[in-house]
Amino acid sequence: MVEEIKLSLEDKIRGIVTQMAQERGVEIPGRAKIYLERPKREGQGDWACSAAMQLCKSFGVSPRELAEEISAKIAEDPSVETVEVAGPGFINITLSKGWVGDLIRRVISAGADYGRVNDGGGKKVQVEFVSANPTGPLHMGHGRGAAVGDITASILSYAGWNVEREYYINDAGLQMEMLGRSARSRYFELIGRGDEAPFPEEGYHADYMYDIAREILDEKGPSLADLPEEEAVPLFTDLAYERTLKWIKRDLEDFGLKFDVWFSERSLYVGDQVERTIEALKARGYAYEAEGAIWFKSTAFGDEKDRVLIRSNGAPTYFMSDVVYHKNKYDRGFDLVIDVWGADHHGYIPRMKSAVAAMGRDPEDLQVLLIQFVTLLRNGEPVSMSKRAGAFVTLRDVMDEVGVDATRFFFVMRRCDSHLDFDLELAKRASSDNPVYYVQYAHARMCSIERESDARGLERPSMDDLDPSLLSLPEELRLATVIAKFPEEIRKAARDMAPHRIAYYAQELSEAFHSFYNVARIIGEEEPVRRNRMLLMEAARIALRNALGILGVSAPERM
């Protein structure tokens, strides 16, 4: 297949250059890397190589002169149709048509596994994402983080990693007590005794607190109002927490997410995890006691000051919780930990990487994806939708209006660390302007052609019918080239933890198919050509379906 041909050609070029260097007594710089990449423009072949431009000084010739000599030797490879030298010394390689047949065979044979690579080698990676405080419904920012985290996990799994998805429940801290006090105050309002439990100034003011209080009242009756405050607040906290977590789990499940682990922050303080973490840091010289508190020696890693782990009153800081939690992760055997955070946590990354280093791990064993803000638009104008949630728009609001498919796709149409404009009307539009509709329609059109072919009694093609010489139109070769890119895109998306690459790929493949469909008739064409175009289309359908599957977006057969 193309990926194998690429690797073979890279080895061949490496061998050519090495032999030329030996013949001339030239030493090749160790930093020189010989690899092929996709040309940036159409019509420049299937692969481009810049080796001549890297090595011309070592050989003492111009880049173009060296490229001409290398190209002459590359042209001897049977997988190559033409080799051209372009510009100052780029080598553009066009493969022979036989690769199209190899591609179609491989894609159709692999089916649902087409695109899988084994870069991860089965190593364990944990992706921890969403992890919203269980104090209310999920908002748009949480939704984008959910899509990014889930799709990143799917990409890594496709790339050969052993992936575990985890939700960290922030169920410890003052925010939980404030949730309980807010629910208790609304409960008192509902029974007409609001003056007895004034609403806390820092409480959760949105309308959903009435929903929580109403559920508690329906279940428990008015008798909870007679409990002493010190007994009632923890009880209301637990009751409100149960309901908000239920909402969160329901919304995420409806959004297509399934977490392997729901990890409670409270569990970090069960047993001696905190003590063992502090002792481990002390043993490595990164924790010490001063002024009645316990400190992390973050200045050893370039921080402006050391950071408190345990306050002088014995209470742990949020940083302490995060350090213990990440030690817990590595103790569970993960080779790589990926956290998905809001963009406002950017400054916290160096501190957490310092903590990871202090545990004796490579700081690169922790990777953080930052999620930028989402602006909700309607026909280009900012909108506000949710009254229940107060000042923010909920994920549920958006799912209910535009559907799960469009919501997930739109959330990863841009790099996660760039601002995203989400236009509701565009997401619902049944036209090529809507990216998710455009992609899904491509898949549905492929299925429609297969149904029409069956309805006319035309025989489905087999591999015995495959003759790549019949697939010579530019649009046919372009479609094959894009199909062949899928494993590369998986590799790049996994390497960069960039789910937007798969959304881009799905759009590129759909565009290539629509262009192919517009010029290459299938039904009604002469039999040998029809059968080969059907096989090419089936390969495209498999690649598109697999890409949509990674995105968690359905691949409809009818639209």
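Which residues is F486 in contact with, leaving aside its neighbours within four places in sequence? I started the notebook with this question, working on a predicted model.

**Entry 1: F486**

I listed the partners of F486 beyond its sequence neighbours and got Y114, G115, Y158, Y505, A543, N546, A547 and I550. I then looked up where F486 sits, and it belongs to helix α17, which covers residues 486-496. Is F486 buried or exposed? Its relative accessibility is 0%, and because buried means under 20%, F486 counts as buried. I also took one distance, from F486 to E65: the C-alpha atoms are 34 Å apart in space, and the two residues are 421 apart in sequence.

**Entry 2: α16 and α18**

Next I looked at a helix pair, α16 (residues 474-484) and α18 (residues 500-519). Two packed helices are described by the angle between their axes and the distance between the axes. For this pair I noted that the axes come within 9 Å and cross at roughly 160°. Angles over 145 degrees count as roughly antiparallel, and α16 and α18 are therefore roughly antiparallel to each other. I recorded the crossing of α16 and α18 as left-handed.

Which residues of α16 and α18 meet? From α16 I noted E475, E476, R478, L479, V482 and I483; from α18, Y505, E508, L509, A512, F513, S515, F516 and V519. I sorted the residues of this contact by type and have nine nonpolar, one polar and four charged. Y505 turns up in this list and also among the partners of F486.

**Entry 3: nonpolar cores**

I looked up the largest nonpolar core, which has 145 residues. Which residues have the most contacts inside it? They are I70, I93, V130, F422 and I483. Helix α19, residues 527-551, gives the most to this core, with 13 residues. I483 is also one of the α16 residues that meet α18.

I followed up I70 and found that it touches I13, I16, V17, M20, A52 and I91, not counting residues up to four places away in sequence. There is a second, separate core of 29 residues, and I noted Y168, V274, V324 and W341 among its members.

**Entry 4: the whole chain**

Last, I took the totals for the protein chain. I have 19 helices and 15 strands for its secondary structure. The C-alpha trace spans about 90 × 65 × 40 Å along its principal axes. Of the 559 residues, 52% count as buried. I also checked contacts between residues at least 6 apart in sequence: 72% of them join residues at least 24 apart.

Terms used:
Residues numbered from 1 in each chain as written. Predicted model: local features only at pLDDT ≥ 70, side-chain atom pairs only at ≥ 80, totals over all residues. Heavy atoms only, no water. Helix = DSSP H or I, 4+ residues; strand = E, 2+ residues; numbered from the N terminus. Buried < 20%, exposed > 50% of the residue type's maximum accessible area, 1.4 Å probe, protein only. Contact = heavy atoms within 4.5 Å. Axes fitted to C-alpha atoms, helices over the stretch in contact; angles between N-to-C directions. Parallel < 35°, antiparallel > 145°, perpendicular 65-115°, else oblique. Left-handed = near helix turned anticlockwise from the far one by under 90°. Nonpolar A, V, L, I, M, F, W, Y, C, P; charged D, E, K, R; others polar. Core = buried A, V, L, I, M, F, W, Y, C linked by side-chain atoms within 4.5 Å.
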